[in-house]
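Please have a look at it first.

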Amino acid sequence: MEQSSSKRRRVEEAEMAENTIEKLFEGFSKAIEDEIEGKDKIKSHLKAIDISIRHATVHAQQIHNNHKNVAGVLEKLDGAFPVWKDAFAELQKCVNGENYYKFIGLWKNQIQQIVFISAFYRYLDSETLISIPEVEKLLGLPGKKPDDPCAWAVELEDYLLGVSFLPAELSRLCVVAVIAEDYTVPEKISKFVSDLFAGFRLLNLKNDFLRKRFDSIKYDVKKIEEILYDIKIRQLGSKNPAPSQ
């Protein structure tokens, strides 16, 4: 009798364990499905951002066709910011604070590209460097707060990576300006890029890609310095002609 009761208990315990495992994996399955669905929603909004970034990049490149057409280039770029702001507003609806860092890798590349375009826009407009809060404002992001560390923001690493692409674009603009016999532009760019490079030198960079980007800035600084050297040697930017031999 006792053997029969013990056997029945073992069978019941086995069935309970089996049901528990089944329910456990049913929960896993639902979690995976929810995550896939969440990623698909995020990617649909990112697609609109990607298209707008490509268009903005094309518009920004037009400054190399005519470096004095700053107003025309900025006017075309103005249309991109509302698109990005609307798209990030929709993204914030899809991703709550708890899942912010879970999905943040999905839009890091877009943030970096937007930082670069915004920084290029700001330089063309005022020859200054855009800040993280200013980029966040353009995108409608609340930014990090002491009481809300998971708030949507432009992460420092993404900001630095985006800004690190600016010197290469400006060194190219130097060449365009010199070809157009405008020798003041390289001087202004040289000071700005040198200051930016000095700022990066203050950082203890742990990120491998950031360190590589820092190395690339060195070459951009060198390229711009060589352009200025040629201008000086040839006295192209000098108001006074070289004395005759």
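Let me begin with a question: is F209 buried, partly exposed or exposed? F209 is partly exposed, because its relative accessible area is 43%, where buried means under 20%, exposed means over 50% and partly exposed lies in between, with a 1.4 Å probe and protein chains only.

Before I go on, a word on what we are looking at. This is a predicted model, in which local features need pLDDT of at least 70 and side-chain atom pairs count only at pLDDT 80 or more, while totals for chains, interfaces and linings use all residues. Residues are numbered from 1 along each chain as its sequence is written, and side-chain values use heavy atoms, with hydrogens and water left out.

The chain has 10 helices and zero strands, helices being DSSP runs of H or I with at least four residues, strands runs of E with at least two, numbered from the N terminus. Of the 245 residues in the chain, 36% are buried. If we take the contacts (heavy atoms within 4.5 Å) between residues at least 6 apart in sequence, 74% of them join residues at least 24 apart.

F209 itself belongs to helix α10, and, leaving aside residues up to four places away in sequence, F209 touches L161 and F165. L161 is 48 residues away along the chain, yet the C-alpha atoms of F209 and L161 are separated by 8.3 Å.

Helix α10 covers residues 208–233, and its 26 residues reach 38 Å from first C-alpha to last, close to the 38 Å expected, a span taken as 1.5 Å times one less than the number of residues. Its buried residues include L210, F214, I217 and V221, but also R213 and D220, and what covers the buried residues of α10 includes α7, α8 and α9. Just after α10, Q235 takes a positive phi of about 55°.

Finally, where does the largest pocket get most of its lining? Helix α9 gives the most, with four residues, and by class the lining has six nonpolar, two polar and four charged residues. Among the lining residues are H67, Y123, E127, D182 and K188, and the space in this pocket is about 190 Å³.

Key: On a 1 Å grid over the protein atoms alone, a cavity is a set of points where a 1.4 Å probe fits but cannot get out, and a pocket is an open set with protein on both sides within 12 Å along at least five of seven lines; lining residues have an atom within 4 Å of a point. Grid points are joined across faces, edges and corners, and a volume is the space filled by probe spheres set on the points. Ala, Val, Leu, Ile, Met, Phe, Trp, Tyr, Cys and Pro count as nonpolar, Asp, Glu, Lys and Arg as charged, and the others, Gly among them, as polar.
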